[in-house]
Amino acid sequence: MKSSLERYYSRIRQQNAATLEQRRAECEQKNPRLKSLKEEQGEIVRRFSEGKITSDQAQSRLGAIAAERKNLLIAMGRPATYLDPIYTCPKCKDTGKVGEGLNKLCGCALKKLQEELKDGARINSRETFAAFDPAVFPNEEQRGFGVRCRGFCEKYVAALPHPEKPNLLFLGAPGLGKSYFANAIAYGAIERGIETRKVTAYRFLSDRLEDIANGTDSLRFYTSVPLLVLDDLGTEPIVPNVTKETLFSVLNERIASRLPTITVTNLMPEALSERYDERIVSRLTDKSVTSIVTFRGTNLRTR
């Protein structure tokens, strides 16, 4: 299953290729010599690949073709680069990836991720480390915890994509800042060029049910995305033979690959054990790969 980013860039490349083809047809109709030059260019490349001409010969003739094409375009009132490949983002050439081995997200991809909105599971620009304000906490104990949690989460982001413990489990009652810090981590991750998916447990299950209905496979993306943030675990319905099996499969695969996963839930360990089977709980709370952060205090939403 292609990620939303892959589909986005594939669509852009197709649109730009279509625009270039329209330009080429327009210019060749006005001056058929341009079509002849294109065909000659292809013939030179073919002959060089077959060893029939030398590199110097190929480069010399290709340079002459490029110069003649440039002059023809200018003569018909078009820019010299009118028939060059079209890129919406020249930096990544509409792949979304830059760096050695194309292993880092381009700035245009980061912007796309930040703007992407899907069913309330948005990585938003409001709940970030920069926007964190200790004054929202009602007492010194909660303020101190919030400041320490921010520092801990910032170190986690700095260590991505390979933190010492790849997983985080945020526990506690509603309204204590769990989802805020999870979003701040996700936002910090995409700023660092790490592809991230933030999704509610309800949306996660809905995707799986759509797979079953349509014969698709979203699990492949959930098991391979570099950082997964699973919010509101425990709010999704328990569908027999689907909910627990899907959750276990994704958690197990990600742990085996040591891919970072952040799980946010209002359920404490005892309630998690009552709702899910031991296989799931043991993977959520495995301290060899998971840092467990328990939030306590006054609900910030009802102050």
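How do the residues of the lining of the largest pocket divide into nonpolar, polar and charged? That is point 2; first, some ground rules.

1. Ground rules. This is a predicted model, where local features need pLDDT of at least 70, side-chain atom pairs count only at pLDDT 80 or more, and totals for chains, interfaces and linings use all residues. Residues are numbered from 1 along each chain as its sequence is written, and side-chain values use heavy atoms, with hydrogens and water left out.

2. The pocket. The largest pocket has a volume of about 380 Å³. Here a pocket is an open set of points on a 1 Å grid over the protein atoms alone, where a 1.4 Å probe fits, with protein on both sides within 12 Å along at least five of seven lines; lining residues have an atom within 4 Å of a point. The volume is the space filled by probe spheres set on the points, which are joined across faces, edges and corners. Of the 19 lining residues, Glu127, Gly177, Tyr180, Leu300 and Arg301 are the closest to the centre. Helix H6 (178–191) and strand S5 (227–233) each give two or more residues to the lining, and H6 gives the most, with four. As for the opening question, nine are nonpolar, four polar and six charged.

3. Helix H9. Helices (H or I, at least four residues) and strands (E, at least two) are DSSP runs, numbered from the N terminus. H9 covers residues 243–257, and its end C-alpha atoms are 22 Å apart, which agrees with the 21 Å that its 15 residues should span at 1.5 Å a residue. That expected span is 1.5 Å times one less than the number of residues. Among the buried residues of H9 are Leu247, Phe248 and Leu251; buried means under 20% relative accessible area, exposed over 50%, partly exposed in between (1.4 Å probe, protein chains only). The buried residues of H9 pack against H7, H8, S5, S6 and H11, where contact means heavy atoms within 4.5 Å. Just after H9, Arg258 takes a positive phi of about 55 degrees.

4. Backbone spots to look at. Lys93 has a positive phi of about 55 degrees and, at 49% relative accessibility, counts as partly exposed. Asp94 also has a positive phi, about 60 degrees, but is buried at 2%. Asp94 is found in the loop between H3 and S1. Elsewhere, a cis peptide bond joins Leu160 and Pro161, with omega about 10 degrees.

Key:
Nonpolar A, V, L, I, M, F, W, Y, C, P; charged D, E, K, R; others polar.
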